[in-house]
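Please read the following points with the sequence and the structure open beside you.

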Amino acid sequence: ELFGEHNRIENANLSLTLDEFLTRLDHHCTHVATGYAEYLQLRHDIASDARDELRLDEFKPKPLSSFVRNKLINDAYLPLIGDNLAKQIGTVGENKRSDLNGLLMMISPPGYGKTTLMEYVASRMGMTFMKINCPSLSHDVASLDPATAPDATAAQELKKLNLALEMGDNVMLYLDDIQHTGSEFLQKFISLCDSTRRIDGIWKGRTKTYDMRGRKFCVVMAGNPYTESGETFKIPDMLANRADIYNLGDVLSGKETQFELSYIENCLSSNAVLAPLATRDMNDVYKLIDIARGKNIPTTDLSHAYSSAEINEITSVLKRLFTVQDTVLKVNQQYIASAAQEDKYRIEPRFLLQGSYRNMNKLAEKISAVMNDEELDELINDHYRGEAQLLTQGTEANLLMLKSLRSKLSDEDTQRWEEIKQDFLRNKAMGGDSSDAGQRIVAQLVDLVDGVGALGESMKPNGELEAHLKQQTQTVEAQMKHHTESTQAQMKQQAESAKALRASLEAINESVSQQKRSHISITNTPSAEFAQVLQTLSQTIDSTLFPLVRSMDNRIAQDVKAHSELKQLADEVAALKQQAGLR
């Protein structure tokens, strides 16, 4: 009554001969079993060596132990991410999508948990997390071929990328900090993110086309929309219109409360008093936050038993966190607004301090329940003072702007902040630090023309002055263009033109004075505001344009002198050469 399919079973019976069975048993124990054990060990060794060579352990998603599933993630980010991943890898069942395409673009300033969030999603979905470090690639890499990489680090990142393509299934390809790589490199992913789902890669030195249609493979890119210099980075248009783009550092419409609350939720594990709350029911956290805000909630509603002393300590820490949260939120909003603004529209220096979750965590770990308001204020000041000192420029301006956001400016600080803003606008009007003397003159004359033109509607006599200034501006622009393209011999004419310009500016100054006197004599009702405007124009000409013209005169004179000396030296060399030829 045997029902197996072994070849020795016939008609549900197994015939057994003892001596023949013992021979087979001995062969099995001495050869088959030992050989199979050796095979298993060899297979394990080969797989272990290949795992070490491919560094597969590095590609396992490992979310941080401090990761918190806050309301913002549950209510906003996970549904958005889920919709995108469903579009990329499809859904199960009868409603499975066949038009698999797209990519997920996560952007925000540093410290908002882009990588942590996606690593958590990959771990929950059981996908290999293949993180490509784009700063290691830099802007020099434009190909997926590791052989063309400029250094070993970039080559290793490209090998990881091609390994992800070769693996194919259950892979999340995550390109981190894409602002540090070039658009030409990102263009390689355009065809992978549309309905064709194809990309050309390099595996073991040979080109290969990978078709990801119907495979559990998704592409996620993350980056800071503003580089360290404050300039926006660019991605190819054809790639951008295939992406679902979400900014984790900005407030989503209708999610303002969840966004503000996420600062408190994410810093729980950083504070010694609040750390136990991160491993308990999050509803207790929200109730304790309401108690700290003054709401009357019975402690019996909490799922965990807390003593009165514990509740008092927790709520005291939370109250101080609210103050920090308010500052960090303001800094975050100011950073994003400043970074998104073009330089030509700025009326104050760039704001470079950041208000991310990382900043909130650094501050939260130093907060205690016994801190007073002065100590808390000094803690915030010390934190941002340390960050400001690492800025490449504008440390003082950023700290003063931070005080302005917090309404902490003293009278002295207010005066200094106004001086910095005025100097910023004046330097911008002068053309910036990179412009030469001629460009600054043109910029000043253009501003003067615009200023006088604004008064032309109500002050008719200034119409002639405006026309005269416009004419002078055009003359200066033509002279500067001619100056850059002319030879050394033509610089002498530029020197004469500069002197003529100075005389013209003196005439303009005299004309302004005459216009002021004529205006007073005609109306017989002197306007203090208009007199102040004209006085300011006169002072601007005296203090800015004249020094620039003199500097231009000196520079041209030095060029002419150098040209004269070089010509004299060339003549002497030619004479010596001629004498040597005669000999």
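1. Leu 16, Leu 18, Phe 21, Leu 22 and Leu 25 make up a nonpolar patch on the surface, and together they have about 480 Å² of accessible area. A patch here consists of residues with over 30% relative accessible area and no salt bridge, where like charges are joined within 9 Å and nonpolar side chains (Val, Leu, Ile, Met, Phe, Trp, Tyr) within 5 Å. Accessible areas come from the Shrake-Rupley method with a 1.4 Å probe, and for residues only the protein chains shown count as cover. Leu 18 belongs to helix 1 (residues 18-54), and with a relative accessible area of 60% Leu 18 is exposed. For that wording, buried means under 20% relative accessible area, exposed means over 50%, and partly exposed lies in between (1.4 Å probe, protein chains only).

2. Please keep in mind that this is a predicted model, in which local features need pLDDT of at least 70 and side-chain atom pairs count only at pLDDT 80 or more, while totals for chains, interfaces and linings use all residues. Residues are numbered from 1 along each chain as its sequence is written, and side-chain values use heavy atoms, with hydrogens and water left out.

3. The protein has 583 residues, of which 39% count as buried, and its secondary structure comes to 18 helices and nine strands. Helices (H or I, at least four residues) and strands (E, at least two) are DSSP runs, numbered from the N terminus.

4. Side chains of opposite charge can pair when their charged atoms come close. The structure holds 21 salt bridges, a salt bridge being a side-chain nitrogen of Lys or Arg within 4 Å of a carboxyl oxygen of Asp or Glu. In one of them, Arg 406 pairs with Asp 377, and the closest N and O atoms are 2.5 Å apart. Arg 406 lies in the loop between helix 13 (395-405) and helix 14 (411-429) and Asp 377 in helix 12 (residues 373-388), so this pair ties together parts that are 29 residues apart in sequence. Arg 406 is buried at 14% relative accessibility, and Asp 377 is buried at 18%.

5. Within helix 12, Arg 385 and Asp 382 are three residues apart, which means that about one helical turn separates them. Their side chains meet in a salt bridge of 2.6 Å, N to O. Arg 385 is partly exposed at 34% relative accessibility, and Asp 382 is partly exposed at 43%.

6. Strands of a sheet pair through backbone hydrogen bonds, either parallel or antiparallel. Two strands count as paired if DSSP finds at least two bridges between them. Strand 6 (residues 198-203) and strand 7 (residues 206-211) run antiparallel and are joined by six bridges, with Arg 198 standing opposite Asp 211 in strand 7. These two strands form a hairpin with two residues between them, and Lys 204 in the turn has a positive phi of about 55 degrees.

7. Which order do the five strands of the open sheet follow? The order is 4-5-8-3-9, and the pairing is parallel. Strand 4 (128-133) and strand 9 (243-247) are the edge strands, each pairing on one side only. Strand 3 (residues 103-107) is joined to strand 9 by five bridges, and the bridge partner of Ile 107 in strand 9 is Asn 247.
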